[in-house]
Amino acid sequence: MMSDQANNCRIMVETLQNVTCQILESETWNRVVCEPVKTLPIFQLTQEVCGVIYLLGSCPGVVAVMTSQRSLAAIIKSITGNETRELTQEDLLDGVAELANMVCGGMKSQSQISGITISTPMAIMGSEYVAQWKTAHPTQQLTFHMQDHSLIVIFSI
């Protein structure tokens, strides 16, 4: 029999997948395809722009949303209507932070699990770094594809 925490975390993972698809489809007006969940050996940021949020309370963990600058610019253009050439680094950082907030906020509200708090998002940009977190739980990855862009969500819950 599955413990309450294990069951809550399973619900969070399923909700994370559904919410991310819903957000990308509604904000970009593109069909989104999600690859099956992969288990990773470490929680590591591997893309140029990343938004990270900590989950606290009844289902603690960490979630990161990451993609290339080109894909993020295309997503922001779909949401705001601003041309990609007009976007500054600050716009991209704000965009990935907001995207992480939308994904985790949606996951929190749609999972209907009480006692979850999400942190303020942290945005990171650059390709000359390696950022890893030591986590208490396995790291899993969801990869979403839309047209010629992709978005990766990794999480340890």
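Trainee: Which residues does Met12 touch, leaving aside residues up to four places away in sequence?
Mentor: This is a predicted model, so every contact here is read from predicted coordinates. Contact means heavy atoms within 4.5 Å. With residues up to four places away left out, the residues touching Met12 are Leu55, Cys59, Met107, Ser111, Ile113, Ile116 and Ile157.

Trainee: How many residues are in the largest nonpolar core, and which element gives the most to this core?
Mentor: The largest nonpolar core has 36 residues, and Met12, Leu16, Val63, Leu151, Val153 and Phe155 have the most contacts inside it. At least two residues of this core come from each of α1, β4, β5 (61-67), α2, α3, β9 and β10. The element that gives the most, with 8 residues, is α1.

Trainee: How many residues are in the other core that lies apart from this one?
Mentor: Nonpolar side chains tend to be buried together in soluble globular proteins. The other core includes Cys50, Ala64, Met66 and Ile154. Its number of residues is 11.

Trainee: How many helices and strands are there, and what pattern do they follow along the sequence?
Mentor: The protein has 3 helices and 10 strands. Read along the sequence, the pattern is α-β-β-β-β-β-α-α-β-β-β-β-β.

Trainee: What is the radius of gyration of the protein, and what would a compact globule have?
Mentor: The C-alpha atoms fill a box of roughly 50 × 30 × 25 Å along the principal axes. For 157 residues, a compact globule would have a radius of gyration near 15 Å. The protein agrees with this, because its own value is 15 Å.

Trainee: What share of the contacts with a separation of 6 or more comes from residues 24 or more positions apart?
Mentor: As background, buried residues make up 42% of the 157 residues. Among contacts with a separation of 6 or more, the share from residues 24 or more positions apart is 69%.

Trainee: How many salt bridges does the structure hold?
Mentor: One of them joins the side chains of Glu14 and Arg10, at 2.9 Å from N to O. There is also a network of salt bridges that links Lys77, Glu83 and Arg85. The number of salt bridges in the structure is 5.

Trainee: Are Glu14 and Arg10 buried, partly exposed or exposed, and how many residues apart are they?
Mentor: Both lie in helix α1 (residues 4-28), about one turn of the helix apart.

Trainee: How far apart are the closest N and O atoms of Glu35 and Lys38?
Mentor: Glu35 is partly exposed at 25% relative accessible area, and Lys38 is partly exposed at 41%. The two form a salt bridge, with the closest N and O atoms separated by 3.6 Å.

Trainee: How many residues apart are Asp148 and Arg70?
Mentor: Their side chains meet in a salt bridge at 3.8 Å, N to O. The pair links distant parts of the chain: Asp148 is in the loop between β9 (139-146) and β10 (149-156), and Arg70 is in helix α2 (residues 69-80). Both residues are exposed. Their separation is 78 residues.

Trainee: Which residues make the nonpolar surface patch of about 260 Å²?
Mentor: One of them, Leu56, is in strand β4 (residues 49-57). A patch takes residues with over 30% relative accessible area, and Leu56 is partly exposed at 46%. The residues of the patch are Tyr54, Leu56 and Met122.

Trainee: What is phi of Trp29, and where is Trp29 found?
Mentor: Most residues other than glycine have a negative phi. Trp29 has a positive value, near 60°. With a relative accessible area of 75%, Trp29 is exposed. Its place is the loop between α1 and β1 (33-34).

Trainee: Is Gln112 buried or exposed?
Mentor: Gln112 is found in the loop between α3 (89-111) and β6 (116-118). Its phi is positive, near 55°. Over 50% relative accessible area counts as exposed. Gln112 is at 73%, so the word for Gln112 is exposed.

Methods:
Residues are numbered from 1 along each chain as its sequence is written. This is a predicted model: local features need pLDDT of at least 70, side-chain atom pairs count only at pLDDT 80 or more; totals for chains, interfaces and linings use all residues. Side-chain values use heavy atoms; hydrogens and water are left out. A salt bridge is a side-chain nitrogen of Lys or Arg within 4 Å of a carboxyl oxygen of Asp or Glu. Helices (H or I, at least four residues) and strands (E, at least two) are DSSP runs, numbered from the N terminus. Buried means under 20% relative accessible area, exposed over 50%, partly exposed in between (1.4 Å probe, protein chains only). Patches are made of residues with over 30% relative accessible area and no salt bridge: like charges are joined within 9 Å, nonpolar side chains (Val, Leu, Ile, Met, Phe, Trp, Tyr) within 5 Å. Accessible areas come from the Shrake-Rupley method with a 1.4 Å probe; for residues, only the protein chains shown count as cover. A nonpolar core is a set of buried Ala, Val, Leu, Ile, Met, Phe, Trp, Tyr and Cys residues joined through side-chain atoms within 4.5 Å. The radius of gyration is taken over C-alpha atoms; the globule rule is 2.2 Å times the number of residues to the power 0.38.
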